[in-house]
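This report is written for a reader who is new to the structure shown below. Please look over the sequence and the model before reading on.

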Amino acid sequence: MVSDREPQQAASKLVCGKPEKEGGGFAANEYERQPVPEDKTKGLKSFVGLFASEHVAGTELLIGPLFVAAGVSAFDVLVGLLVGDFLAVLSWTLLTAPIAVRKRLTLYYQLEKIGGPGVIDIYNAANGVLWCCIAAAMIYVSATALFVPLQISMPKLDDLYPSSGAMVLIVVAVGALFALIAAKGYDAVAHFANIAAPWMAVTFIVLGIVALPELGVRSPGDFWRVADEVVWRGKAQQGHVQFTFWHVMCFSWFGNMAWHFGMGDLSIFRYARKARYGLASAAGMYLGHYIAWITAGILYAVQLQRDPANTGVVPGPMAYTAAGMTGIVLVFISGWTTANPIIYRAGLAFQAIRPKWSRVRVTFVAGAVASVVAVFPGFCNKFLSVAMLYGLVLMPMGAVIFADHYLMKPLGMQEFYAEKTGARIHWPPPLAWGLSLVACLALNVFLGVQEFFLCLPGWLIAGLVYLLSSKLLQQRSSLRGSGT
Amino acid sequence: MRYFLIAVSFLSLAILCVTPVLYATGIGSADLSQHGMNVGTLGWFAATPFWMRSSRA
């Protein structure tokens, strides 16, 4: 039984984007089906390093400019991100880490105990598709680095389709290369990502600094005036939703919802000695989702100042304008090092559903699908919505784990019900998943609630549906049990 | 040798940081800033792989 399930747990071998090797750091391929022993837990420093390196990714170069395109004001972005990132850190610290430290199990194993192996198959399929979409954005970001030396025409902000045949060729070639490397030479790139991580973090900060003089910042006192009047002017580009403080706050809070509210990071925090190590997520949030997003927004403002008609969010040329070759290298590497584990993860997720499929082939196919999606700039120009949908689709399972951990016993029900009954599918978790997503869709279609504000109600609905359906189902089975 | 390579890596990061800051404060030029960033990047990737072990992946 254990060996049958091992491939299905394969995706849990990857922790926050990078797979782990035995004996190193958070060796997530160990203790897949048992709690992490106390003597294998890690100190705070390990978590700070992991979060700081994982949340400075290629997609930050899309998100920062898209905030500008969505017409945020300087106050909205500078304060909204500060508050939203703080709420995200609290979510990791108060929701994810305590369950992880108490149970010390991966999300996959907990879900299997709650909902049965069938639920893991559905989860892996959803994860695989969503990872292909996120990898597509990474491939697009890296490919734009080649647009400058190859003089490819840039897509505009409202373009849905590629701007030229050459663009299609470059994006597909980059995607195929990444897919091939992810399938065949994953470890080398993962090692390279570790080497590049400190340089990437520093270069992101430096890019913001070097772009400021061009916008007219000559002293620290000039910053606020330029931020308010030149960078974040508070007027959305055509075709983009007008963002407010609340949009920015909710996006930075729920941008990583799959990992905190969705409990994806149970896999890493099961190694934490104390639940308060969830605070280490602040390193990733404030470096990647504050400084890097602000830097990317400033770079986009430089581009618009040089040519107001050039509204395309194309990270390669944008970084080249500010930092020359270093900017191009940053864009390429930040996209590549994050696309690599995501394509690999997508492959593992699909392979987990059908363990007989070749891992190399499945990974390559996942990369090929991501490359095809990456060809359409319209997809990356809507990346804010794509990122929210990623969290939205996966978060209901986090609500199920939360409710199972805290509320089942006080409400007189049994936790880990599928494990106790040996069911292949225990229906309350998939029911909670499906109904919460339908409710979110209804809120969006009939009441006009934007995707940025759906995560929290969706999570609460999922938890509620899980509890109510568990109550009905567990009561019925106990009645049936007492009757026989 | 290991300490020398570590020194080269961190010196490279320092150059990468300082030259843009000099430009932003009006002391250096845009050209110097770009050269500094390129040199810092080259130095980092030339030296770091030889001393940094893969810690997590």
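## Confidence in the model

The structure is a predicted model. Its scores are ipTM 0.92 and pTM 0.88. Chain A has a mean pLDDT of 88, with 92% of its residues at 70 or more. For chain B the average pLDDT is 89, and 91% of the residues score at least 70.

One stretch of chain A calls for caution. Over residues 1-24 of chain A the pLDDT stays under 50. The model has 74 contacts for residues 1-24 of chain A, counted beyond four places in sequence.

## Helix H5 of chain A and its surroundings

Helix H5 of chain A covers residues 107-115 and is mostly covered, with nine of its nine residues buried. The buried residues are Leu107(A), Tyr108(A), Tyr109(A), Gln110(A), Leu111(A), Glu112(A), Lys113(A), Ile114(A) and Gly115(A). Which helices do the buried residues of H5(A) pack against? In chain A they are helix H4 (74-103), helix H6 (117-147), helix H11 (266-269), helix H17 (383-406), helix H18 (417-421) and helix H19 (428-447).

Residues of interest lie on the way into H5(A) and on the way out. Arg104(A) sits in the loop between H4 and H5 of chain A. Its phi is near 60 degrees, which is a positive value in a residue other than glycine. Arg104(A) is buried, because 20 other C-beta atoms lie within 10 Å. After H5(A) comes Gly116(A), whose phi is also positive, near 90 degrees.

## Two contacts of H5

The axes of H5(A) and H6(A) are 7 Å apart, and the two helices pack at an angle of about 130 degrees. H5(A) is therefore oblique to H6(A). On the H5(A) side the contact is made by Tyr108(A), Leu111(A), Glu112(A) and Gly115(A), and on the H6(A) side by Pro117(A), Val119(A), Ile120(A) and Tyr123(A). By class, the contact of H5(A) with H6(A) has six nonpolar residues, one polar and one charged.

With H17(A) the angle of H5(A) is about 70 degrees, and the axes are 10 Å apart. H5(A) and H17(A) are therefore roughly perpendicular to each other. Gln110(A), Leu111(A) and Ile114(A) of H5(A) meet Met397(A), Val400(A), Ile401(A) and Asp404(A) of H17(A). The contact of H5(A) with H17(A) divides into five nonpolar, one polar and one charged residues. Leu111(A) takes part in the contact with H6(A) and in the contact with H17(A).

## Helices H7 and H15 of chain A

Helix H7 (residues 165-184) and helix H15 (residues 359-374) of chain A pack at an angle of about 160 degrees, with axes 8 Å apart. How do H7(A) and H15(A) run, roughly parallel or roughly antiparallel to each other? They are roughly antiparallel, because angles over 145 degrees count as such. The crossing of H7(A) with H15(A) is right-handed.

From H7(A), the contact draws on Val171(A), Val172(A), Gly175(A), Ala176(A), Phe178(A), Ala179(A), Leu180(A), Ala182(A), Ala183(A) and Lys184(A). From H15(A), it draws on Val360(A), Thr363(A), Phe364(A), Gly367(A), Ala368(A), Ala370(A), Ser371(A) and Ala374(A). In the contact of H7(A) with H15(A), 13 residues are nonpolar, four are polar and one is charged.

## Loop residues of chain A

Gln151(A) lies in the loop between H6 and H7 of chain A. Its phi is near 50 degrees, a positive value in a residue other than glycine. Is Gln151(A) buried or exposed? Gln151(A) is exposed, because it has 7 other C-beta atoms within 10 Å.

Arg33(A) belongs to the loop between strand S2 (18-19) and helix H2 (44-54) of chain A. With 15 other C-beta atoms within 10 Å, Arg33(A) is partly exposed. Arg33(A) and Leu105(A) are 72 residues apart in sequence, while their C-alpha atoms are 7.3 Å apart in space.

## A residue of chain B

Ser12(B) is part of helix H1 (residues 2-24) of chain B. Ser12(B) is buried, because 23 other C-beta atoms lie within 10 Å. Beyond its neighbours within four places in sequence, Ser12(B) is in contact with Gly40(B), Gly43(B), Trp44(B) and Ala47(B). Gly26(B) is 14 residues from Ser12(B) in sequence and 22 Å from Ser12(B) in space, C-alpha to C-alpha.

Methods:
Residues are numbered from 1 along each chain as its sequence is written. Chains are lettered from A and ligands numbered from 1 in the order in which they are written. This is a predicted model: local features need pLDDT of at least 70, side-chain atom pairs count only at pLDDT 80 or more; totals for chains, interfaces and linings use all residues. Axes are lines fitted to C-alpha atoms, for helices over the stretch in contact, and angles run from 0 to 180 degrees between N-to-C directions. Helices (H or I, at least four residues) and strands (E, at least two) are DSSP runs, numbered from the N terminus. Angles under 35 degrees count as roughly parallel, over 145 as roughly antiparallel, 65 to 115 as roughly perpendicular and the rest as oblique. A crossing is left-handed if the near helix is turned anticlockwise from the far one by less than a right angle, and right-handed if clockwise. Two residues are in contact if their C-beta atoms, placed from the backbone, lie within 7 Å. Ala, Val, Leu, Ile, Met, Phe, Trp, Tyr, Cys and Pro count as nonpolar, Asp, Glu, Lys and Arg as charged, and the others, Gly among them, as polar. A residue is buried if 20 or more other C-beta atoms lie within 10 Å of its own, exposed if 12 or fewer, and partly exposed in between; C-beta atoms are placed from the backbone. pLDDT is the predictor's confidence in each residue, from 0 to 100.
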